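User: I'm new to this one and would like to go through it slowly with you. Could you put it on the screen before I start asking?

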Amino acid sequence: MDTKILFLNLSNDDDNFSKYRQGMLGTIENLSNNDNPIKFKKDEKDQAKEKLFSTDESGIDLLILWVDSEHRNDWIYFSEEIEKRDQTLEFFVIFGIEEDQIEDNMEKAMMRNIYPFICPINYTNFKAYLQAVVSGIKYKKSLEKFKQDIWRTDNLDSLVNRAFEYLKRDPVGYDRASISLVDTRSEEGNRYLFRYDPQPDYDQQSRASYRADRNLQKSIEKDRLIKNVDRDTVLIIDKIQDKNKEKELDELGWTKEAATEDIISWIGLAAKYQNRTIAIITLDQIQGKPYEPSDYRLREFLKDFGRIFAQAIVEFFKKRNQEVFEEIINEMGDDLKSEVLITQILQKLKDKLDCDNCNYFSVAYDSDKKEIFLKEYASAKGIFPKKTEKSTHPFKKGVGIVGAVLEDGKSRIVPHAFEDKNFVPTLKHPGDKLSLLAVPVIPINNKNHPNRIIGVICCYKKKPDYFTVYDRDLIENIALSAATVIERTQTLEFSNEISSEMAKLVVNPDKKALLRQICDYALQVTSAGSASIHLLQHLGNNQYRATGEHYTYPPGKESPPRLEGENTGTTFQAIKLNKTLEFSRENDKLVLVSSEQPDKISVTPAPEHPDVKYKLVVPLKIADEKQKYCLVGALYLNKYSEEPFSKVEKFAVKLFASQAASIINDQNILLENTFRSKALEDFAEAIQNIATTDNTDKLLKDVAEYSYSLVKDDLRFLGYPSCSNLEKQQETEQQWNNYVSILSELFSYVVIRNTKGEWQLKANWPMYSFTGYFANKSEGISREIEKRKSNIFTYDGSEVGGENQNDGDILKKYALKDTSHSLLAVPIKDEDKRIIGVICLEHSQPYAFKELHQEVIEHFARQVAIAFQKKNFVNLLSNHNKILESLHTSLHKIVRESPKNMLDKAVSETREALKAESVIVILYKKNMVLRYLVWFDQGAEIG
């Protein structure tokens, strides 16, 4: 690279200092050699000004101006013109005049950064200045050329190779060189080996490190030598093999390693951009010319080189990352499915990073072990087949590279997998010659808990030291922007899938199956560890009770809602605030997570949930006929990890809850209609059997049995045990159901008023359900049910709306069983609306009977009354026929007797036929009573 020098002579050739001028020109010409190629041109004063600023002479590096006494101030003109034209060049002024005439000019020149010389010239001094300036020009040109070369390249390998190429030249040179990139985000300044020159060989047999100095790649803070480099920017060490320098080397942080034993001199360079160390460059001399620590020009050259290289690296990756980021984000269309979206991102990353593959691992939850894990979801090569067995996943929290990312939420750059303690080798990837980059996918909307991971992106390349901190930054930015989209897309897709699947359950009469499916889907659409659902009955005035219909997974993990009393639970708060609520564990309380509530709301958690960290309570709401919302149930989701529910999860659950509530309501309507339809079918059989039954006792038994059967199919829920009993249960659904089924008893019975006006228990079903003495407990039940529109009586010991459900006195008075908390009493009325009997059903649980049950039994009771009337009419006709037959048989005997005997026999036959206790006969003649006779069992009395 030539140095262009222009000499302008503004003096006469025959002046007194011409010999010095010739000597100076000789010095310049002698300076040019292979190391310092110089293009030297001389011009006389007539063309001096025009020549300097002509286009032909552009690129002048050094201007040497000779002036005499006549032109002593002309150098000022040249200096000002150079400034105006913004030219960068070195400037020598040689004053060919007497020394006493130039003192002022010398000072002015030096203030303008111009090198002034006076005659007679000290050639040694002049040569030294000239050599220093030419050397500086050479370095400056070399750096400028280097800058232009690396800024023109759009290839990373080309950029790095150019850097090595320029370092290989004078004034630096090296036998070995390495570049490591610094993670500016890490507190300790972690370093990652980036490139070597020359590239070392690899010992395949021993699987030794690719390079002996791999173990030297410590963080800046943990490496005293590199810390000194970072502080001083350039550190030059010579005479490393000199034993007398061991103490000095030790103070600098130099250590004797296999990688350093052959080094005679060494340079450490901190390549900085905006005062941050971007890269550490090391240069080793093992046999060439040692580096000189005192070489100021070398230090300055390296500092400038480092700044150019650092800026080039930063700008290259900044541009690349921006382009890749925009490409990926722009292709994330709203109509993409999650699988397509994720695969598209992975494929783009694989292409742009030129790695072997990129995989996406989604976070799942193992409810049995109460731990999250990663499962393979997709790769740049396609979607992984779904695995149903939880035990087959190898990506547990803290195990393997991706498991370590899942554990602490931090990205991992693995230069050589075989050397990483977290790497778990497999037959496919034993770890040698393998680089890994794993980045967590964390939604941006969770500011308070940034470690809520929904997945991990992992890229690999069968080449050591492949991935950089800028690759990590790229994937992190993409993951941050795509995480919410991925989570939202997957959630909505799954919600739609769930909606269609749940709709199929409406026609399934098994309500347990529907509730179980709701819990299962809720766990799949969120990161919760357990789910529970309880159905509620609206009692009016925003008051509710638990119906008893529930499902919990894992079984037995959720107590009934606490809706009354002082110790209300989370459901009470959700009903009160009429929205989905999230609670977090604080010591022994569950505290409402809300920015809208000024007062802190906390509840005591159920004892079976000591390890729940977050709880989501979701009201299941439907609109009634007046378009007012009421609850049909509540869904509970429990998390056992430290990350709360995300906004996307809450949104999905709300959407899902709306669908679930609607389907529960639809199923209730369908079951109600099915119940009515089945009741109508049963009516036909029941009425036919009752109508054809001559035996009254059998008729009443049939009434009790059919009443029981009409209701029992709709009472599929079970009662709740107390918490103390709950804790004694084995946590299996079968044992739980076996236990609580004992507490749920339904039985029916019929009471009839006899001829004496007394109420008698005539039949009950099941036959074994009641065998005790009926002590006239239903006396007055007819008057009680006549006063009420609803014949449903219930007793709930807890308070609803501040008042006990006070049918307890009625149940105590009329219920046959002391354990009964629900009673349905439906009167059987004759054609005169008189109550002739009562069909009763009792249940051990409060609120067991509904208006639908009363409606069905009332319809049945009317049919029973008709059957009774028919039966009574048939009995009456039969009795009349018997009387007539008896009278007809005895008539021919009576007419042969005396009048008195005839009367006695007629009255006796009448009393016997009518089963009367006494018969009175009044004799009269012409409107005058003669006497009366009263016949008793013992005989007649005449009055």
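User: Thanks. Which residues does Lys375 touch, not counting residues up to four places away in sequence?

Analyst: Lys375 touches Tyr360, Phe361, Ser362 and Ala364, where contact means heavy atoms within 4.5 Å. Please keep in mind that this is a predicted model, in which local features need pLDDT of at least 70 and side-chain atom pairs count only at pLDDT 80 or more, while totals for chains, interfaces and linings use all residues. Residues are numbered from 1 along each chain as its sequence is written, and side-chain values use heavy atoms, with hydrogens and water left out.

User: Where does Lys375 sit, and is it buried or exposed, or in between?

Analyst: Lys375 belongs to strand 12, residues 371–379; helices (H or I, at least four residues) and strands (E, at least two) are DSSP runs, numbered from the N terminus. Because its relative accessibility is 40%, Lys375 counts as partly exposed, the class between buried, under 20% relative accessible area, and exposed, over 50%, with a 1.4 Å probe and protein chains only. The C-alpha atom of Lys375 is separated by 8.9 Å from that of Gly455, which is 80 residues away along the chain.

User: What does strand 12 pair with?

Analyst: Strand 12 pairs in the antiparallel sense with strand 11 (residues 357–366) over eight bridges, and also in the antiparallel sense with strand 14 (residues 395–396) over two bridges; two strands pair if DSSP finds at least two bridges between them. Phe373 of strand 12 is the bridge partner of Ala364, and Phe373 also has Lys396 in strand 14 as a bridge partner.

User: Switching topic: how do helix 6 and helix 9 lie against each other?

Analyst: The axes of helix 6 (residues 156–168) and helix 9 (residues 296–330) come within 11 Å and cross at roughly 175°; axes are lines fitted to C-alpha atoms, for helices over the stretch in contact, and angles run from 0 to 180 degrees between N-to-C directions. The two helices are therefore roughly antiparallel to each other, since angles over 145 degrees count as roughly antiparallel, under 35 as roughly parallel, 65 to 115 as roughly perpendicular and the rest as oblique.

User: Which residues make that contact?

Analyst: Helix 6 contributes Leu156, Leu159, Ala163, Tyr166 and Leu167, and helix 9 contributes Leu302, Phe305, Phe309, Ala312, Ile313, Phe316 and Phe317. By class, this contact has 12 nonpolar, no polar and no charged residues; Ala, Val, Leu, Ile, Met, Phe, Trp, Tyr, Cys and Pro count as nonpolar, Asp, Glu, Lys and Arg as charged, and the others, Gly among them, as polar.

User: And what is the order of the five strands in their open sheet?

Analyst: The order is 7-6-10-9-8, with antiparallel pairing. Strand 7 (191–197) and strand 8 (234–237) stand at the edges with a single partner strand each, so one side of each is left without a neighbour in the sheet. Strand 9 (residues 265–273) and strand 10 (residues 276–285) are joined by nine bridges, and Ala271 stands opposite Ala279 in strand 10. Helix 9 packs on the sheet, touching strand 6 (176–182), strand 7, strand 8, strand 9 and strand 10, and its direction makes about 45° with that of strand 9.

User: Last one: is Gln573 buried or exposed?

Analyst: Gln573, which lies in helix 14 (residues 570–577), counts as buried because its relative accessibility is 9%. Leaving aside its neighbours within four places in sequence, Gln573 is in contact with Asn578, Leu581, Phe583, Ile601 and Val603.
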